[in-house]
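Subject: The model, plus notes

Hi,

Here is the structure I promised to pass on. Have a look at it first, and then read on for my notes.

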Amino acid sequence: MDVRNNRRDLTGTSVITANRLLDGRIVWLTATGWSETISHARIIDNADVEATIKQVRATPDARRVVGIYGVQLDPSAAGVTPLTVRERIRAFGPSVHPEFAPVETSDVH
């Protein structure tokens with residue numbers, strides 16, 4: 001089991017992610033291949049993630065990606081949203097995105 005997968009609960013759902021070898025872009029496993037958009041990702045029960053990763057690694061498409069692992073989804077979020085901040089940043093943009101930026105205060109000198 002990939003060490004990142006240890007953060008996954010026994011219940012819930014996940015998506016599978018990797019980095020494309022051609023350009024390093026983050027990609028998400030869909031029903032038909034890989035997409036750069038997490039909303040297109042195939043949602044998998046956590047109990048099935050390891051078996052799905054094993055199946056994906058056995059396909060010819062696996063040669064086009066590196067670092068395949070599961071990402072748990074936030075059950076309380078609307079849409080396909082990773083549970084951890086790290087994975088939200090990977091899915092939705094750099095850490096300078098307004099959602100992840102520090103709060104500005106006027107009393108800082």
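Below is what I found in it, from the overall layout down to a few single residues.

First, the ground rules. This is a predicted model, so local features need pLDDT of at least 70 and side-chain atom pairs count only at pLDDT 80 or more, while totals for chains, interfaces and linings use all residues. Residues are numbered from 1 along each chain as its sequence is written, and side-chain values use heavy atoms, with hydrogens and water left out.

**Layout**

The chain has two helices and five strands; these are DSSP runs numbered from the N terminus, with helices being H or I of at least four residues and strands E of at least two. Along the sequence they come in the order β-β-β-β-α-β-α. Taking contacts (heavy atoms within 4.5 Å) between residues at least 6 apart in sequence, 55% link residues at least 24 apart.

**The strands around β1**

Strands count as paired if DSSP finds at least two bridges between them. β1 runs antiparallel to β5, with six bridges joining the two, and Asn19 sits opposite Val66 there. With β2, β1 pairs in the antiparallel sense over three bridges; Thr17 has Trp28 as its bridge partner. The β1–β2 hairpin has five residues between its strands, and Gly24 takes a positive phi near 80° in it. β4 (residues 44–45) is also antiparallel to β1, through two bridges, with Ser14 opposite Ile44.

**The two helices**

In α1 (residues 49–57), the buried residues are Val49, Thr52, Ile53 and Val56. They are on the same side of α1 because they cover an arc of only 100° around the axis, the arc being that of the directions from the helix axis to the C-beta atoms. They pack against β1, β2, β3 (34–35), β4 and β5. Lys54 and Gln55 are exposed on the face of α1 turned away from that buried side.

Helix α2 (residues 85–92) buries Glu87, Arg88, Arg90 and Ala91. Their arc is only 160° around the axis, which puts these residues on the same side of α2. Among the elements covering them are β1 (13–20), β2 (26–29) and β5 (65–72). Just after α2 comes Gly93, with a positive phi of about 140°.

Have a look at Asp74, in the loop between β5 and α2. Asp74 is buried but has no salt bridge, and the nearest side chain of opposite charge is Arg88, 4.4 Å away. A salt bridge here needs a side-chain nitrogen of Lys or Arg within 4 Å of a carboxyl oxygen of Asp or Glu; Lys and Arg count as positive, Asp and Glu as negative, and His and the chain ends are not counted. The Asp74 side chain does make a polar contact with that of Ser76, at 2.8 Å (a pair of N or O atoms within 3.5 Å; within protein, one must be able to donate a hydrogen and the other to accept it, and residues adjacent in sequence count only if both atoms are side-chain atoms). Leaving out residues up to four places away in sequence, Asp74 touches Thr81, Pro82, Leu83 and Arg88.

The other one is Gln72, in strand β5. Gln72 is buried at a relative accessible area of 10%, and its side chain makes a polar contact of 3.3 Å with the side chain of Asn46.

Cheers

Key:
Buried means under 20% relative accessible area, exposed over 50%, partly exposed in between (1.4 Å probe, protein chains only).
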